[in-house]
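Colleague: I would like a close look at one part of this model. Please keep to a single element and its surroundings.

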Amino acid sequence: MTMTVQDDILARTAEHMAADVEGFKIEVIGDQIVMTPQSNIQSWTIRRVQNAAEASGIAEERLLSDVLIQFPGEPSRCPDVAILEEGATEPYSHEAVLAAIEVVSSKNDSRDYAIKVEQYARYGVPAFLIIDPFRARCTLLARPKGDTYAAREEYEYGETVTLSLADGSKVDIPTDKFKRKD
């Protein structure tokens, strides 16, 4: 997939909006600019994931939240949490991402379950964790293959999700304190 002039205009517009508008995650999804207000539940979940990663030995410098990750020829993404390989530097590339974690922001969100799955898989992001506070469930995708992932595991809130990263490290994410959203 290559970026068109329209894609470039959308990406630039989203970047300018993100600089001026606080309290929203602003992304280009398909041919739309999507502004999603962050909820307290998303914020708490993101913090718990980052805390779990640090407790598993991942250095703070390898953890990003809502920071631009570049995908050449396609819109950049700002995962809720990204775990990077050791030594990754700005501008951050998809090649440095060991795991992307997204917290679903709306009840029937096709962006996290379809569009982002396809893009992350296509660019070889080794692990993608979708945390869904509406369903109280986590979906862990691994082993990217084409526009999808060959491995899929489901976890109910209350279970511990183990991310096995491409660099050999493991991150245990307890979900017993994740909050549900109605």
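How many of the residues of S8 are buried, and is S8 largely enclosed by the rest of the structure or left open?

Modeller: This is a predicted model. In strand S8, 7 of the 7 residues are buried, so the strand is largely enclosed by the rest of the structure. S8 belongs to an open sheet of 6 strands with mixed pairing, in the order S3-S6-S8-S9-S10-S11. The edges of that sheet are S3 (63-64) and S11 (148-156); each has a single partner strand, so one side of each is left without a neighbour in the sheet.

With strand S6 (residues 81-84) the pairing is antiparallel, over 4 bridges, and here Ala-82 stands opposite Ala-100 of S8. With S9 the pairing is parallel, over 5 bridges; Ile-101 faces Leu-129 in S9.

Strand S9 (residues 127-132) runs antiparallel to strand S10 (residues 137-145), and 6 bridges join them. In this pair Ala-127 stands opposite Ala-142 in S10. Helix H3 (residues 110-122) packs on the sheet and touches S8 (97-103), S9, S10 and S11. The direction of H3 makes about 165° with that of S9.

Terms used. Residues are numbered from 1 along each chain as its sequence is written. This is a predicted model: local features need pLDDT of at least 70, side-chain atom pairs count only at pLDDT 80 or more; totals for chains, interfaces and linings use all residues. Side-chain values use heavy atoms; hydrogens and water are left out. Two strands pair if DSSP finds at least two bridges between them. Helices (H or I, at least four residues) and strands (E, at least two) are DSSP runs, numbered from the N terminus. Contact means heavy atoms within 4.5 Å. Axes are lines fitted to C-alpha atoms, for helices over the stretch in contact, and angles run from 0 to 180 degrees between N-to-C directions. Buried means under 20% relative accessible area, exposed over 50%, partly exposed in between (1.4 Å probe, protein chains only).
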